[in-house]
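Please read these notes with the structure open beside you. They go point by point.

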Amino acid sequence: TIVVSLTFQPGFTGSETVYLSAADLNANTTGVVASGTWTATVPAPQPTANSVSPNGSMGSSQTFTFVFSDTQNASNLTGLAMLFNTSVSFANGCYIIVDLNQGTIALAWDSALGSNSRSISSLTPLSNSQCTVGAASIQVSGLSDILSVAVTFKGAFSGLKNIYMFGSESGIYTTGWVQMGTYDVAAGGVPVASSVSPSFGSGPSQRFSFTVSDQGGAGFITGLSV
């Protein structure tokens, strides 16, 4: 008795005949004998949002790597989307869309009612009020599509943001929006009037110390008035 586990591939579905053949040391054979039937079925392809890296870090710019996969073939994936925001809200977010059929990457407008797009290989930056999308690339590894995107965030978008991912196969099968991580946006461009020392007192004269800051670095500050 020989036990063999078989997994059938897409394209080999339907009713199949099971044939057996045996031979012995005396060169006797049974010939090929139809011994049964089996209906091969393959589950529908299922896309998955696997991971984003880095995850849980902080900064004003970063090259993110997003991994999506399909249970049958990476080429089944037709659309990928990534969203940086505090919730699954597309307006005033950093909402990135990739069309794998067209080979394009797009960044949604602030209103999310449209987007600007370019080819994935182009170096033309895409910008809205929250972020700028720079260089991007995509590669296939086994059942996975691996997307790398350089993102620079704007100062007004600073704060802890969730990272959401969405994968689609012609809109028929999707992952839905899945939160895969967080990123603490600490972008420069928002100055803060921090302090004055001494902050109270009286007298005809005093040496005062004034402090202003920007979380992106002092180099962002161009002027101070008192």
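Which residue in strand 8 is the bridge partner of Ile97? Ala106 is the bridge partner.

This is a predicted model, in which local features need pLDDT of at least 70, side-chain atom pairs count only at pLDDT 80 or more, and totals for chains, interfaces and linings use all residues. Residues are numbered from 1 along each chain as its sequence is written, and side-chain values use heavy atoms, with hydrogens and water left out.

1. Overall make-up. The protein has 17 strands and zero helices. Both are DSSP runs numbered from the N terminus: helices are H or I with at least four residues, strands are E with at least two. The C-alpha atoms fill a box of roughly 120 × 35 × 25 Å along the principal axes. The radius of gyration is 29 Å, while a compact globule of 226 residues would have one near 17 Å. That radius is taken over C-alpha atoms, and the globule rule is 2.2 Å times the number of residues to the power 0.38.

2. Burial and contacts. Of the 226 residues, 30% are buried. Buried means under 20% relative accessible area, exposed means over 50%, and partly exposed lies in between (1.4 Å probe, protein chains only). Take the contacts between residues at least 6 apart in sequence: 47% of them join residues at least 24 apart. A contact means heavy atoms within 4.5 Å.

3. Strand 8 and its neighbours. Strand 8 covers residues 104-108, and four of its five residues are buried, so the rest of the structure largely encloses it. Strand 7 (residues 94-99) pairs with strand 8 in the antiparallel sense over four bridges. Two strands pair if DSSP finds at least two bridges between them. Strand 9 (residues 115-119) also pairs with strand 8 in the antiparallel sense, over five bridges. There, Ile105 stands opposite Arg118.

4. The two turns. Four residues separate the strands in the hairpin of strand 7 and strand 8, where Gly103 takes a positive phi near 70°. The hairpin of strand 8 and strand 9 has six residues between them, and Ala112 in its turn has a positive phi of about 65°.

5. Strand 5 (residues 61-70) and strand 12 (residues 144-153) pair over nine bridges. Val67 has Ile146 in strand 12 as its bridge partner.

6. Gly181. Look for this residue in strand 15 (residues 178-185). Gly181 is buried, at 8% relative accessible area. Leaving out residues up to four places away in sequence, Gly181 touches Val52, Asn55, Lys161, Asn162 and Ile163. Ser225 is 44 residues from Gly181 in sequence and 40 Å away in space, C-alpha to C-alpha.

7. Backbone points to check. Most residues other than glycine have a negative phi, and most peptide bonds are trans. The Ser53 to Pro54 bond is cis, with omega near 0°. Pro54 sits in the loop between strand 3 and strand 4 (57-59). The Ser197 to Pro198 bond is also cis, with omega near -5°. Ala27, not a glycine, has a positive phi of about 70°. Ala27 is exposed, with a relative accessible area of 64%. Asn92 has a positive phi of about 55° and is partly exposed at 47% relative accessible area.
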